[in-house]
Amino acid sequence: MDDEQGALPGKEDFSAWYNELLWRAGIMDVRYPVKGLYVWFPFGFALRRNVYGALRALLDVDHEEALFPLLIPETELARESEHIKGFEDEVYWVTHGGTSPLDVKLALRPTSECAIYPMYHLWVRSHADLPLRLYQVVNSFRYETKHTRPLIRLREITSFKEAHTVHASWEDAECQVAEAIRLYQSFYDSLSIPVIISKRPDWDKFPGADYTIAVDTIMPDGRTLQVGTVHHLGDHFSKTFSITYEDVNGEQQFACQTCYGISERCIAALISMHGDDRGLVLPPSVAPVQVVIVPITIGRRKEEVTAAAEDIGQCLTAAGIRVKVDSRDLRPGAKYYYWEMRGVPLRLEVGPRDIDSGQVTVVTRLGDKSTIPRAGLEDGVCAALAGFASALTGRAMEHIRAHIRVVQNIGELSAAVGRGVAIVPWCGKKECADFIGESTNASVLGTEIRSAFVPECRGPCAACGEEGTGALVGRAY
Ligand code: 5CA
Ligand code: ZN
């Protein structure tokens, strides 16, 4: 990692900006010599820890964290036919132990249904064991053939949070789907990332699911990124893996299941949604450094200023704030650049004049400058952090609103998907979705859209003219 100055490509060239920012801000090194595998730098890893800490905190309310093996025997992976059909082209296989071929080859999990459900078969006995809600945060492997991109499309997903639940009835599982959607909504709210929730068309659902609900956000270039999915698995897997329970009448019943997952795409979305031409912009809740203190020691009184900065650092740390005092022997401008690149929400400048007037100069990562009295500094800083978080939410909402258009026909649709996503009436037929896709170079991503900021839409299907309801159409990453 080097800190040399030099401009980041402008965010309007999103791809170049994103790739350059990842190493300049110390998130990822993309030079690992296997395609689709990347290395977390310490700063990126600290960000990951905070983001996944927030996700875990939400899950831990009524889920338990567990850990299942990475390797899945071929015999287990192949049991659910839809599932294996969906994943067979993406599986990495372990075929040897040392030089001896294995009797049963072993898959690196592309997802863990077939590692977890044989154990659920053993664990679930009675209705009293239900609901069962477990999750794990693991790496998983998918031999992706589409263009790989750091944090977005990986061959080793390093931060796969997958939850797997078991319920007594289809309806109970459906309630869990709703609960999981609420959970993901609050997770993305906490990151100030507006998301659009919709039901994937049948042909796009998870292999082995009854239906899939997806969470999408809109990237700076107007393309969508699927940042989470929730699947109602019905009894497909419970029938295959024989996950049964004894009901209150003493009869054996097949359970119903759900699963839902989020990967480090949530961090790709975080970086892309909030960052600007000067680097990362991070919500205080997850920023590895929330406040940086820069002593302005030009001229005399150097020791006094350094001591004051240290003192302020200690008192903010004691108040539970993640603080860095940057007393490196560098020009203040170089320090500003360095911490702006890393998205630090607040910079406190402490110079001789601030000491004399009993205050501290505060500059937010969005450029707002003010002063806070030295007495009661903790409260002032906390308020500034909270204000910064809501400013970020407001900015992100503006971005999303500016990139959603409700349209009525193919002509308007083509224009709209060049800039963002569109909502257009669609009748639900596959051939109409295909027609819409071919005419606009985009896809029908979802229906039954549930997001407060997406306007209602119904009318004649943009392809066939029959009665339709609003479908989300966009170009997906
Ligand atoms: N078993 C289910 C739920 S845990 C499952 O695997 N669902 S999934 O295939 O839809 O993946 C869950 C989420 O992981 C996706 O919504 C997407 O956001 C993310 N994801 C999927 N593939 C990749 C990949 N190759 N790189 C990064 N993230 C991915
Ligand atoms: Zn139609």
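Reader: What lies 2.8 Å from a polar atom of the side chain of Ser126?
Author: In this predicted model, the backbone nitrogen of Ala128 lies at that distance from the Ser126 side-chain atom.

Reader: And where is Ser126 found?
Author: Ser126 sits in the loop between α5 (113–123) and β7 (132–141).

Reader: Leaving aside its neighbours within four places in sequence, which residues is Ser126 in contact with?
Author: With those neighbours set aside, Ser126 touches Tyr245 and Glu246.

Reader: How far is Ser126 from Leu58 in space?
Author: The C-alpha atoms of Ser126 and Leu58 are 27 Å apart, and the two residues are separated by 68 residues in sequence.

Reader: Changing topic to ligand 1: how many residues surround it, and which are the closest?
Author: Ligand 1 is surrounded by 21 residues, and the closest are Thr111, Glu113, Glu144, Gln226 and Thr229.

Reader: Which part of Glu113 lies 2.6 Å from a nitrogen atom of ligand 1?
Author: A polar atom of the Glu113 side chain is at that distance from the ligand nitrogen.

Reader: What about Leu154, backbone or side chain?
Author: For Leu154 it is the backbone: one of its N or O atoms there lies 2.9 Å from a nitrogen atom of ligand 1.

Reader: Let us turn to the overall layout. What does the domain assignment give for the protein chain?
Author: The assignment gives domain 1 (14–274), domain 2 (291–385) and domain 3 (404–474).

Reader: What distance separates the centres of domain 1 and domain 2?
Author: Taken over C-alpha atoms, the centres of domain 1 and domain 2 are 41 Å apart.

Reader: How many residues of each are in contact?
Author: Five residues of domain 1 contact four residues of domain 2. Between them, the two domains bury about 450 Å², with 58% of that area on carbon and sulfur atoms.

Reader: How many salt bridges and how many residue pairs in polar contact are there between domain 1 and domain 2?
Author: The salt-bridge count between domain 1 and domain 2 is zero, while two residue pairs are in polar contact.

Reader: Which helices supply at least two residues each to the side of domain 1 that touches domain 2?
Author: They are α1 (14–24) and α2 (42–59). By class, that side of domain 1 has three nonpolar residues, one polar and one charged.

Technical notes. Residues are numbered from 1 along each chain as its sequence is written. Chains are lettered from A and ligands numbered from 1 in the order in which they are written. This is a predicted model: local features need pLDDT of at least 70, side-chain atom pairs count only at pLDDT 80 or more; totals for chains, interfaces and linings use all residues. Side-chain values use heavy atoms; hydrogens and water are left out. Domain bounds come from an automatic or database domain assignment. Contact means heavy atoms within 4.5 Å. Buried area is the accessible area (1.4 Å probe) that two parts lose on being put together, summed over both. A salt bridge is a side-chain nitrogen of Lys or Arg within 4 Å of a carboxyl oxygen of Asp or Glu. A polar contact is a pair of N or O atoms within 3.5 Å; within protein, one must be able to donate a hydrogen and the other to accept it, and residues adjacent in sequence count only if both atoms are side-chain atoms. Helices (H or I, at least four residues) and strands (E, at least two) are DSSP runs, numbered from the N terminus. Ala, Val, Leu, Ile, Met, Phe, Trp, Tyr, Cys and Pro count as nonpolar, Asp, Glu, Lys and Arg as charged, and the others, Gly among them, as polar. A residue is near a molecule or strand if one of its heavy atoms lies within 4 Å of it.
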